[in-house]
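Me: I have a model open on my screen and would like to learn how to read it. Could you take me through it feature by feature?

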Amino acid sequence: MNGKTIVSGMRPTGSLHLGNYFGALENWVKLQHEYDCYFFVADWHALTTGYEQTQELKNNIDEVLIDWLSAGLDPEKCKIFIQSKVKEHAELNLLFSMITPLSWLYRCPTYKDQLKQIKDRDITTHGFLGYPCLMAADILLYKADFVPVGEDQLPHLELTREIARRFNYIYGEVFPEPQAKLTKAKVLPGLDGRKMSKSYGNTIALSDSPDTIRKKVSTMITDPSRIRKDDPGHPEVCSVYAFHKVFNENEVEDIEQMCRGGKIGCVQCKRKLADSMVEYMTPIYERRQVLKDKPEYIREIIETGCENAAKIASKTMEEVRTAMKVDW
Ligand code: TRP
Ligand code: SF4
């Protein structure tokens with residue numbers, strides 16, 4: 001342990017696929033051994049764009065939590081909780097909203113992008129505009145030193161630092177300025193070679209059984225110019241090869257050589273991949289089999305996580321109220 005604090009959240013979009021896992025969760029599992037970690041389900045953030053579609057939300061939160069625990073987040077090592085269960089997130093968001101100029105929010109690139117992209121819902125709301133303000137509250141409530149996020153979240157982190165500076169300038173030093181912790185994201189394409197995404201139906205889920213994994217791997221798109229197995233291949237256009245880079249690091253060079261030289265057939269290459277994936281994912285699958293019959297156990301873990309997070313959160317809020325002189 002190095003005494004530094006890490007905070008990160010994930011919106012509950014339902015069960016995770018391998019793209020999500022290698023984009024963030026795999027890294028969280030490592031970080032829990034080195035840092036004081038706070039990992040939470042950002043359910044209020046889900047409402048900023050999905051306030052009309054709340055039927056699935058509860059179930060999605062459960063799915064995300066079971067994914068996290070199956071993947072190896074250990075409640076003895078990190079705090080695992082749900083944003084909306086620690087009301088201080090809302091209080092700090094409110095106070096930050098008093099000092100955050102609208103111009104900062106309007107100029108946030110993610111805000112402008114989403115407004116252009118999301119056409120099937122009306123997201124011209126106060127809550128959606130204030131998304132980065134809530135995110136700043138999530139992070140600063142625990143005085144994070146580092147925030148592991150993908151590049152898409154960097155503008156939010158920049159705003160978080162600006163809000164921290166502005167608060168400190170007006171009321172006195174309370175918040176450290178958190179740094180982004182970018183990880184080299186391991187990129188996995190979908191089964192069909194496009195980006196892995198639920199909406200394309202081309203995912204492998206973290207919850208897939210070994211059998212399902214084998215079946216899905218056998219349907220993956222390979223180099224279309226290889227008709228016979230001794231045709232020279234182009235691994236760079238092949239999803240199977242992209243997966244080998246993640247699941248079979250030690251052998252990728254051999255595989256590349258063999259593929260280019262027409263020395264390995266795609267069927268065999270897929271079988272090799274499926275073996276490595278099944279080996280990697282079996283412990284995750286087995287943990288899930290145990291957890292899925294113990295909803296009470298999961299509930300307890302989360303309650304404890306929420307209580308532990310709330311202890312720190314309420315301490316920060318006392319400092320905030322004192323600094324702002326709203327502590328009567
Ligand atoms: N905005 C993040 C995302 O969509 C989720 C999130 C909410 C978050 N609050 C956070 C991430 C605080 C890191 C820290 O991925
Ligand atoms: Fe892809 Fe392997 Fe076939 Fe080459 S041999 S095209 S890397 S599946």
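Reply: Happy to. Let's begin with how elements are named: helices (H or I, at least four residues) and strands (E, at least two) are DSSP runs, numbered from the N terminus. Isoleucine 204, for example, lies in the loop between strand 5 (179–181) and helix 10 (210–218). This is a predicted model, in which local features need pLDDT of at least 70 and side-chain atom pairs count only at pLDDT 80 or more, while totals for chains, interfaces and linings use all residues. Residues are numbered from 1 along each chain as its sequence is written, chains are lettered from A and ligands numbered from 1 in the order in which they are written, and side-chain values use heavy atoms, with hydrogens and water left out.

Me: How many helices and strands does the protein chain have?

Reply: The protein chain has 14 helices and five strands. Its radius of gyration is 22 Å, close to the 20 Å that the globule rule gives for 328 residues, so the chain is as compact as a globular protein of that length. The radius is taken over C-alpha atoms, and the rule is 2.2 Å times the number of residues to the power 0.38. Along the principal axes, the C-alpha atoms fill a box of roughly 80 × 45 × 40 Å.

Me: Is isoleucine 204 buried or exposed?

Reply: The words have cut-offs: buried means under 20% relative accessible area, exposed over 50%, and partly exposed in between (1.4 Å probe, protein chains only). Isoleucine 204 has 0% relative accessibility, so it counts as buried. In the protein chain, buried residues make up 49% of the 328 residues.

Me: Which residues does isoleucine 204 touch?

Reply: A contact means heavy atoms within 4.5 Å. Leaving out residues up to four places away in sequence, isoleucine 204 touches His17, Leu18, Leu191, Met196, Ile213, Lys216, Phe243 and Met277. For the whole protein chain, take the contacts between residues at least 6 apart in sequence: 79% of them join residues at least 24 apart.

Me: What about a buried residue that sits in a helix?

Reply: Threonine 49 belongs to helix 2 (residues 43–50) and is buried, with a relative accessible area of 10%. Beyond residues up to four places away in sequence, threonine 49 touches Gln114, Ile118, Arg121, Ile123 and Phe128. Tyrosine 131 is found in helix 8 and counts as buried at 10% relative accessibility.

Me: How far apart in space are tyrosine 131 and aspartate 74?

Reply: Read such a pair in two ways, along the sequence and through space. Tyrosine 131 and aspartate 74 are 57 residues apart in sequence and 29 Å apart in space, C-alpha to C-alpha. Aspartate 113, in helix 6 (residues 109–117), is 28 residues from leucine 141 in sequence and 27 Å from it in space, again C-alpha to C-alpha. Aspartate 113 is partly exposed, with a relative accessible area of 40%.
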